[in-house]
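Hi,

Here is the structure I promised to send over. Have a look, and my notes follow below.

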Amino acid sequence: MDHLEIFKALSNKTRLDILNWLREPEASFPGQKDFGYEHGVCVGQIQQRAGLTQSTISEYLSVLQRAGLVKATRVGQWTYYQRNEAAFQALSQLIESEI
């Protein structure tokens, strides 16, 4: 876990919002209900909720993925994202023990 990458990823309000939304995908992305949440949330749903361009959201999700905070799953032509809860547990332990 690259601590600097994690803290850089967390330094943007929209990226923090995305992580918060992905915490409860059913409540945050009701438009995906018909497709289920098994693989996470489709990038299009995240983009619609954030109200930003797809390229901006894709970049934000790439930053979060490089930091290990989200996992991506490709299904056909779509990419779905979900939080990497193990990374949040490790981050919590890091903060408690080292910071």
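Let's start with Thr14: leaving out residues up to four places away in sequence, Thr14 touches Ala50, Leu52, Ile57 and Tyr60 (contact means heavy atoms within 4.5 Å). Before going on, note that this is a predicted model, where local features need pLDDT of at least 70, side-chain atom pairs count only at pLDDT 80 or more, and totals for chains, interfaces and linings use all residues. Residues are numbered from 1 along each chain as its sequence is written, and side-chain values use heavy atoms, with hydrogens and water left out.

Thr14 sits in helix α2, residues 13–23 (helices are DSSP runs of H or I with at least four residues, strands are runs of E with at least two, and both are numbered from the N terminus). Thr14 counts as buried because its relative accessibility is 19% (buried is under 20% relative accessible area, exposed over 50%, partly exposed in between, with a 1.4 Å probe and protein chains only).

Now the helix pair. The axes of α2 and α5 come within 10 Å and cross at roughly 75° (axes are lines fitted to C-alpha atoms, for helices over the stretch in contact, with angles from 0 to 180 degrees between N-to-C directions). On the α2 side the contact is made by Thr14, Arg15, Ile18 and Leu19, and on the α5 side by Ile57, Tyr60, Leu61, Val63 and Leu64.

As for α5 (residues 54–66), this helix also lies across β2 and β3, at about 120° to β2.

Cheers
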